[in-house]
Amino acid sequence: MALRQHDKLDASALFYTLAEDLKTPLVRMAYKAELVGHDKNISDIRLNIRTTLELLDAYLLGAKNASQTNLVLEPVSPSALAADAAYGLKEYAKDFSCNLIVDVPNNSSFALTHRAIVLAALSAIGKVFIEAQSAIASTKKSVTIASYKTQNGYSLGIFCTEESLVINKKQLERARSQVGIASRPFVGLTNGASSQLFVAEQLLQGLQTSIRTARRGKLSGLVIDLIPTAQLTLV
Amino acid sequence: MKSKNILLLEPDKSIATSVKDYLALNQYVTSQAHTAEEAIALADKGTYSCIVMELVLGAHSGIEFLHEFHSYGDLAKVPVIIFTSQLMQNNNAFNNLGVKEYLYKPNTSLLKLLESINKHVNNS
């Protein structure tokens, strides 16, 4: 048993180093591509490299913080986080011809959380939803980034129409039980997209929360729950 | 007219070549150093309008290089752009070392680097 535990630790340490080291060749490729020019093919290559680099960084951030018990939390506006995620996903959505809608309340309130972790998790979920829309025949492909107040605090999430939803509660639970076992735990997702969701889950582990399915009006999606900050809400 | 000489301290030869070639397309002349020692030797001989440097170096840390570089009176005024693959949560270590900007390589295109150089060269 001790040996098995040791093997597992070695594997995660190796993967951490691997993820860190993979960034350098990807940066090299990104710069060579940028030097070549700016046509559509080169832009696609650069976007794919950037997406992979962001996935590696999100993984490394999650791996570093997953076991931390003393994460430094700060008051963050869920609306501002949604806007920041939308800004980061703008180019990605454009590449997939997907309309990005930001739905946030006008009044500004605050939640106590880790900005970088939530932003990385939200962006990862956003990429999965945007990419999933490419499989839909509709000309009106759109993804909504929303933040809203709930009974216990705030929720921040990514939504799409019921018809274009690729992950429901059952699929999410089944995929969680198959991580590391099945090559494609989310059967409805394209290759490579599952890891975005698991990296988002790993990131949120450090905040003792996880992704959950939710509905908002006629839309369905995946959300992250945030804890409100009473003092700052009063201010 | 401002001088357009850049001192690039970058241990990765492929990245250094890409940066140099890109800057050359934009009328900058780049002197490349792959180690802190090479950078100090180049700084001693030439005049630069900006220094672009990686923090993760072979034998030295980039911070050590910055301290040494900053101790040379006439070089202390040259703007420094940190261009690194090291993700830092806080940049307090760079205070008072002439660092004008911190750019994280995986998030930074060559165009963004050029825009930063232009800004600091023109403001210096």
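Two strands pair if DSSP finds at least two bridges between them. Helices (H or I, at least four residues) and strands (E, at least two) are DSSP runs, numbered from the N terminus. The views below show a predicted model, in which local features need pLDDT of at least 70 and side-chain atom pairs count only at pLDDT 80 or more, while totals for chains, interfaces and linings use all residues. Residues are numbered from 1 along each chain as its sequence is written, and chains are lettered from A and ligands numbered from 1 in the order in which they are written.

**View 1. The hairpin of β6(A) and β7(A).** Strand β6 of chain A, residues 212-216, runs antiparallel to β7(A), and 5 bridges join the two. Look for A:Arg216, which stands opposite A:Leu219 in β7(A). The hairpin has 2 residues between its strands, and A:Gly217 takes a positive phi near 60° here.

**View 2. The largest nonpolar core.** A nonpolar core is a set of buried Ala, Val, Leu, Ile, Met, Phe, Trp, Tyr and Cys residues joined through C-beta atoms within 7 Å. A residue is buried if 20 or more other C-beta atoms lie within 10 Å of its own, exposed if 12 or fewer, and partly exposed in between, with C-beta atoms placed from the backbone. This core has 51 residues, and A:Ala121 and A:Ile125 have the most contacts inside it. Helix α4(A) gives the largest share, 12 residues. At least three residues come from each of domain 1 (1-69) and domain 2 (71-234) of chain A; domain bounds come from an automatic or database domain assignment. Two residues are in contact if their C-beta atoms, placed from the backbone, lie within 7 Å. Leaving aside neighbours within four places in sequence, A:Ala121 is in contact with A:Ala200, A:Leu203, A:Leu204 and A:Ile224.

**View 3. Where domain 1 of chain A meets domain 2 of chain A.** Here 11 residues of domain 1 are in contact with 17 residues of domain 2. The side of domain 1 that touches domain 2 has 6 nonpolar, 4 polar and 1 charged residues. In this count Ala, Val, Leu, Ile, Met, Phe, Trp, Tyr, Cys and Pro are nonpolar, Asp, Glu, Lys and Arg are charged, and the others, Gly among them, are polar. The C-alpha centres of the two domains lie 21 Å apart.

**View 4. The open sheet of chain B.** Its 5 strands have the order β2-β1-β3-β4-β5, with parallel pairing. The edge strands, β2 (29-33) and β5 (99-104), each pair on one side only. From one strand to the next, the twist averages 20°. Axes are lines fitted to C-alpha atoms, for helices over the stretch in contact, and angles run from 0 to 180 degrees between N-to-C directions. Helix α1(B) packs on the sheet, touching β1 and β2 of chain B, and its direction makes about 170° with that of β2(B).

**View 5. The contact between chain A and chain B.** Chain B brings 11 residues and chain A brings 10 residues. On the side of chain B, helix α1 (residues 13-24) supplies the largest share, 5 residues.
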